[in-house]
Amino acid sequence: MPSKKALVRRPGPRLAEGLVTHVERAAVDVELAVRQWEAYGEALRAHGWETVEVDPADDCPDAVFVEDTVVMYRNVALIARPGAESRRDETAGVEEVVAGLGCSVNWIWEPGTLDGGDVLKIGDTVYVGRGGRTNAAGVQQLRAAFEPLGARVVSVPVTKVLHLKSAVTALPDGTVVGHIPLMDMPSLFGRFLPVPEESGAHVVLLGGAKLLMAASAPKTAELFTDLGYEPVVVDIGEFEKLEGCVTCLSVRLRELYA
Ligand SMILES: NC(=O)NCCC[C@H](N)C(=O)O
């Protein structure tokens, strides 16, 4: 049953302490970040998505990056076990919300680690990045959770960026879009379109031809417009300083049964 709900989580007061791994730390303006987050939610709502706020986790600086805490496949919510210990307390609040929405709940267990940002679904193919945050046990547990439901799990090495979806996402027709300098093996993906900017590789499918994208990728937005898509552009500059992208600020729930 199609549903259009999106989980989001308000940035907390400690946002500026969020983790950085592949970029230099830059000062984050928390008030500006809150305004950017509100505009991001507004863009989702303007395109028919009901935003569902998970309770804030103010002790966890990275809690706003809610995508990393759960992976949805049909109406099954696989609660992640974040690769960074400082993020492990983020999952409890998310579990409560998805259970309340009627999802069937499953978990990644120790020794597995998995961040939602490492999982890219294209139809029934579930690509999972094995990298700094997601380990082999996490990949195996993802496979065990979703393959019996009809998924085909494809694991992909990720060494140059934080998460798989920092390097690639997909257009509505399933074409993978990615920034080649950040990818380990572009040849692992069937139909692939290179994009000229790092953040151009990040799209959230809003429905129809609409693609939510970051303002930092104007050339890619132009490319997508030329291909018949309609970019919806938001400025998420404060989150980009913490290696966040448009995908990681929400989790779309498209197949709820409740
Ligand atoms: N899925 C994502 O791209 N998440 C971004 C997480 C950024 C956060 N500062 C982290 O390092 O975990």
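**Reading salt bridges**

Tutor: At 44% relative accessibility, Glu53 counts as partly exposed. Buried means under 20% relative accessible area, exposed means over 50%, and partly exposed lies in between (1.4 Å probe, protein chains only). This is a predicted model, in which local features need pLDDT of at least 70 and side-chain atom pairs count only at pLDDT 80 or more, while totals for chains, interfaces and linings use all residues. Residues are numbered from 1 along each chain as its sequence is written, and side-chain values use heavy atoms, with hydrogens and water left out.

Student: What is a salt bridge, and how many are counted here?

Tutor: Side chains of opposite charge can pair when their charged atoms come close. The rule requires a side-chain nitrogen of Lys or Arg within 4 Å of a carboxyl oxygen of Asp or Glu. By this rule, 13 salt bridges are counted.

Student: Which residue forms a salt bridge with Arg10?

Tutor: The partner of Arg10 is Glu53, with the closest N and O atoms 3.8 Å apart. The pair links distant parts of the chain, 43 residues apart: Arg10 is in the loop between β1 and α1, and Glu53 is in strand β2 (residues 50–53). Helices (H or I, at least four residues) and strands (E, at least two) are DSSP runs, numbered from the N terminus. Arg10 is partly exposed, at 29% relative accessible area.

Student: Where do Glu42 and Arg45 lie?

Tutor: Both lie in helix α1, 3 residues apart, about one turn of the helix.

Student: Are Glu90 and Arg87 buried or exposed?

Tutor: Both Glu90 and Arg87 are buried, and their side chains meet in a salt bridge at 2.8 Å, N to O.
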